[in-house]
Amino acid sequence: MGQLSQFAPFLLMFVVIYFFMIRPQQKRAKNEKEFESSLKVGDKIITKSGFHGKVVELAETTVVIETMSGKLKLERSAISLELSATLNKKA
């Protein structure tokens with residue numbers, strides 16, 4: 001019983017870290033993967049670096065977007081889920 005009470009604080013710390021740090025990060029990563037795979041031509045997006053554009057071409061790992069100054073080829077992971085969702089709520 002004494003050894004169990006010594007490890008209880010460590011177990012409690014692990015549980016707290018899991019629910020407040022690890023689990024939300026895994027959930028966010030899953031949502032971003034779903035967003036990347038659900039992109040389609042014509043979607044308005046914002047990249048993580050702040051470029052606004054419209055998807056004109058899709059490949060397995062890359063996306064071509066059209067901006068006011070021309071076309072850009074980007075990795076799918078460069079598109080921001082949060083910023084794009086905000087943009088689409090305004091429109």
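Three bridges tie strand 1 to strand 2 (residues 52–58), and the two strands run antiparallel. Strands here are DSSP runs of type E with at least two residues, while helices are H or I runs of at least four residues, both numbered from the N terminus. Two strands pair if DSSP finds at least two bridges between them. Across this pairing, Ile45 has Gly53 in strand 2 as its bridge partner.

Before going further, a word on the model: it is predicted, so local features need pLDDT of at least 70 and side-chain atom pairs count only at pLDDT 80 or more, whereas totals for chains, interfaces and linings use all residues. Residues are numbered from 1 along each chain as its sequence is written, and side-chain values use heavy atoms, with hydrogens and water left out.

The four strands form an open sheet in the order 1-2-3-4, with antiparallel pairing. Strand 1 (44–46) and strand 4 (70–75) stand at the edges with a single partner strand each, so one side of each has no neighbour in the sheet. From one strand to the next, the twist averages 45°.

Strand 2 and strand 3 pair in the antiparallel sense over four bridges, and a hairpin of three residues joins them. Here Lys54 stands opposite Glu66 in strand 3. Moving on, six bridges join strand 3 (residues 62–67) to strand 4, again antiparallel, and the hairpin between these strands has two residues. In strand 4, Thr67 finds its bridge partner in Gly70, and Val64 finds its own in Lys73.

How many residues of strand 3 are buried? Five of its six residues are, so to speak, under cover; buried means under 20% relative accessible area, exposed over 50%, and partly exposed in between (1.4 Å probe, protein chains only).

**The helices**

Helix 2 (residues 81–90) lies across strand 1 and strand 2, running at about 140° to strand 1. Axes are lines fitted to C-alpha atoms, for helices over the stretch in contact, and angles run from 0 to 180 degrees between N-to-C directions.

The axes of helix 1 and helix 2 come within 10 Å and cross at roughly 60°. The two helices are therefore oblique to each other; angles under 35 degrees count as roughly parallel, over 145 as roughly antiparallel, 65 to 115 as roughly perpendicular and the rest as oblique. Arg28, Asn31, Glu32 and Phe35 of helix 1 meet Leu81, Glu82 and Ser84 of helix 2, where contact means heavy atoms within 4.5 Å.

Pro9 is found in helix 1 (residues 2–37).

**Aromatic rings and accessibility**

What does a search of the whole structure find in the way of aromatic pairs? One aromatic pair turns up. The rings of Tyr18 and Phe19 have centres 5.2 Å apart and planes at 85°, so the pair is edge-to-face. Rings of Phe, Tyr and Trp (its six-membered ring) pair if their centres lie within 6.5 Å; planes under 30 degrees apart count as stacked, over 60 as edge-to-face and the rest as tilted.

| Residue | Relative accessibility | Class |
|---|---|---|
| Pro9 | 46% | partly exposed |
| Tyr18 | 30% | partly exposed |
| Phe19 | 46% | partly exposed |
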